[in-house]
Amino acid sequence: MTGLLDHMRTHNTPPRFLAALRALVRKDTLWLIALAALVGVLAGGVVSLMTATTFLTHHLLSPGSGRLSGLSHVSPMRALLVPTAGGLLLGLTSLYLARKTRFRPIDPIEANALHGGRMSLRDSLILAGQTILSNGCGVSLGLEAGFSQLGAAFGSRIGRQLRMHRADVRLLVGCGAAGAIGAAFDAPLAGAFYAFELIIGSYTFTALAPVALAAICGIGVVHLTDTVLPPVLVATPQNIPLMVYFPIILLGIFAGLVGIMLMRGVTLTEHTFQRLPLPVWLRPALGGLLVGGLALLSPSVLSSGHMAMRAGLISSPPLMLALGLLGLKALASAISIGSGFRGGLFFASLYLGVLTGAVFAGALAPLAVLPVSVCAIVGMCALAVAVIGGPMTMIFLALETTGSLPLTGAVVVSAIVSSMTVRRTFGYSFATWRFHLRGENIRSGVDVGWMRTLTVERMMRTEIATFPETETVQAARTAFPHQTPRYILLCDAQNHYKGLVESVLFHASRVPETTPLTELVAADDVALTPALSLSTAIDTFERLARPALAVVDADNHILGLLSERYVLRRYAEELERTRRELAGEKYRV
């Protein structure tokens with residue numbers, strides 16, 4: 001601390017102060033942990049502010065009530081008008097943003113996987129505002145997407161402002177998400193492992209301290225601002241008999257299949273709205289009207305469904321009622337996302353999981369082998385694992401919610417089975433499925449962006465030897481008498497690429513001197529383009545079994561040469577750098 005105060009006295013201008021702070025953070029890991037705590041505090045503030053704001057807007061639907069899904073009745077006029085008006089406002093806002101600004105928010109998972117943790121704070125603020133509007137008008141989505149988006153954006157902004165290492169920026173993005181999710185559920189372990197599993201993509205010992213501290217600091221803020229959720233008391237058994245684990249495995253499979261149907265349903269609903277003869281800005285209004293109509297059947301479909309989830313944990317509904325509510329909530333969530341509202345399915349998947357467990361328990365009631373409360377909690381976690389894709393996150397959430405170690409064992413089994421079911425039959429969580437639909441092959445927050453930055457253009461060698469395609473082997477031997485360079489690129493008078501020949505081929509004694517050089521070019525010879533990524537180049541080398549390939553532009557003009565040996569060496573170097581970062585061995589200056 002004395003060192004920091006000395007720096008502040010001598011570096012009294014903002015740029016010089018930032019430079020001094022940057023040097024301290026890079027020199028000592030403790031300062032990185034301190035920054036993680038700051039990010040956690042900001043994330044907790046985000047959760048408190050967004051939660052309080054949505055409570056105020058919920059009064060439009062039900063005056064005097066804070067959470068909508070726990071209502072037993074809602075005014076038909078308000079149920080239809082408020083979501084419709086909110087959708088219209090969201091549509092007009094999106095239309096304005098599309099015309100006036102460049103607005104494409106980057107998800108924390110995408111930011112860490114492809115962009116080294118770079119996120120736009122402005123875009124994240126806009127997204128958080130749209131999430132508040134969506135949840136506030138009552139559509140069937142949660143706030144967690146806005147929580148994690150804005151918390152992670154604060155971490156990204158701080159890291160980039162201090163020009164920190166790529167790995168440190170990614171870590172602060174994870175800290176922001178951990179603080180936000182931990183504060184949202186009052187569950188530090190769940191928040192920390194949400195960051196490890198989904199945002200950072202891996203668990204490391206060096207990342208434990210900053211991520212865990214960020215989650216704890218976020219929870220501290222919501223406790224200080226009194227926006228934390230009250231604890232829910234669930235009756236859990238003292239022990240789980242061994243024979244009960246068989247139906248628990250079946251429940252995990254059932255929840256995984258329900259999660260897949262939900263994700264498919266969201267995509268189908270989205271395509272349906274896109275085919276409607278309506279302008280884009282009117283789709284949210286129609287979606288809001290439809291959700292409001294479903295709320296007339298059951299107000300539990302409104303908002304994230306948190307209060308309805310808590311009620312379901314305390315007293316599970318009977319089979320037919322649970323089945324009806326499950327269908328209504330799933331349809332309302334699919335319509336909300338498909339019509340263009342902003343929000344997440346984390347909170348919604350918890351309520352859907354409780355209903356899934358209640359349906360399973362009702363169907364299994366004649367056998368009377370599994371308590372309904374156990375089915376509700378196990379189903380909640382299993383379905384959330386299927387949709388969100390974080391098994392350890394949900395295991396710790398169950399432990400922190402119930403405090404029951406025996407029940408946690410059952411949750412572990414169901415979470416693993418649900419995760420395996422989704423992975424084997426579908427292959428994506430909701431977040432990665434959305435990336436897949438956009439053409440991005442991202443399965444987690446693991447950093448793969450460096451592979452995309454290593455393009456053929458950056459790795460190719462431009463000092464190359466070219467030779468006319470019309471020449472013979474004798475001319476090549478005269479021009480290149482010592483088998484150097486190793487590769488000769490054949491071209492025409494306009495420098496168009498015509499093939500690659502190794503010098504060892506035309507120096508071979510078995511090849512007649514009058515042989516045209518073009519006859520030495522392989523029949524399946526291909527060339528690379530500058531924009532190709534490292535992974536594509538490696539795949540091409542492996543498929544063709546060639547030691548080197550030419551690089552050409554769109555007009556087939558020769559640009560350079562790329563060897564497989566150099567590509568593999570760069571790949572190994574980047575893998576080693578990534579391994580050192582994960583092990584906390586990165587060099588700080």
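This is a predicted model: local features need pLDDT of at least 70, side-chain atom pairs count only at pLDDT 80 or more; totals for chains, interfaces and linings use all residues.
## The sheet S1-S2-S3

Three strands make up an open sheet in the order S1-S2-S3, and the pairing within this sheet is mixed.

Strand S2 (residues 487–491) pairs with S3 in the antiparallel sense, and five bridges join the two. Tyrosine 487 has glutamate 502 in S3 as its bridge partner, while leucine 490 is bridged to glycine 499, also in S3. S2 and S3 form a hairpin with five residues between them, and in the turn of this hairpin asparagine 495 has a positive phi of about 65°.

## The sheet S4-S5-S6

A further open sheet of three strands has the order S4-S5-S6, again with mixed pairing. Here the edges are taken by strand S4 (527–528) and strand S6 (558–563), each of which has a single partner strand, so that one side of each is left without a neighbour in the sheet.

Within this sheet, S4 and strand S5 (residues 548–552) are paired in the parallel sense over two bridges. The bridge partner of alanine 527 is alanine 550, which lies in S5.

## Helix packing

Two packed helices are described by the angle between their axes and the distance between the axes. For helix H16 (residues 372–388) and helix H17 (residues 391–402), the axes come within 9 Å and cross at roughly 155°. H16 and H17 are therefore roughly antiparallel to each other, and their crossing is right-handed.

The axes of H4 and helix H6 (residues 121–136) likewise come within 9 Å, and they cross at roughly 160°. That angle makes H4 roughly antiparallel to H6, and H4 passes H6 in a left-handed crossing. In the pair formed by H13 and helix H15 (residues 346–363), the packing angle is about 30° and the axes are 9 Å apart.

Rolling a probe the size of a water molecule over the atoms shows where empty space is left. The structure holds one cavity of 30 Å³ or more, and about 220 Å³ of space lies in the largest cavity. The lining of the largest cavity is made of 24 residues, of which Thr51, Arg67, Leu143, Ser304 and Phe347 lie nearest its centre. Helix H3 (29–58), helix H8 (166–185) and helix H13 (306–314) are the elements that give two or more residues to this lining.

Among the contributors to the lining of the largest cavity, H3 gives the most, with five residues. Sorted by class, this lining has eleven nonpolar, twelve polar and one charged residues. H13, one of the helices that line the largest cavity, is also the helix that packs against H15 at an angle of about 30°.

## The open pocket

The largest pocket contains about 1500 Å³ of space. Its lining comprises 48 residues, and of these Leu127, Glu270, Phe341, Arg342 and Arg434 lie nearest the centre of the largest pocket. In the lining of the largest pocket, the classes are represented by 27 nonpolar, twelve polar and nine charged residues.

Helix H4 (residues 76–100) gives the most to the lining of the largest pocket, with six residues. H4 is also the helix whose axis comes within 9 Å of the axis of H6, and the helix that passes H6 in a left-handed crossing.

Key: Residues are numbered from 1 along each chain as its sequence is written. Side-chain values use heavy atoms; hydrogens and water are left out. On a 1 Å grid over the protein atoms alone, a cavity is a set of points where a 1.4 Å probe fits but cannot get out, and a pocket is an open set with protein on both sides within 12 Å along at least five of seven lines; lining residues have an atom within 4 Å of a point. Grid points are joined across faces, edges and corners, and a volume is the space filled by probe spheres set on the points. Helices (H or I, at least four residues) and strands (E, at least two) are DSSP runs, numbered from the N terminus. Ala, Val, Leu, Ile, Met, Phe, Trp, Tyr, Cys and Pro count as nonpolar, Asp, Glu, Lys and Arg as charged, and the others, Gly among them, as polar. Two strands pair if DSSP finds at least two bridges between them. Axes are lines fitted to C-alpha atoms, for helices over the stretch in contact, and angles run from 0 to 180 degrees between N-to-C directions. Angles under 35 degrees count as roughly parallel, over 145 as roughly antiparallel, 65 to 115 as roughly perpendicular and the rest as oblique. A crossing is left-handed if the near helix is turned anticlockwise from the far one by less than a right angle, and right-handed if clockwise.
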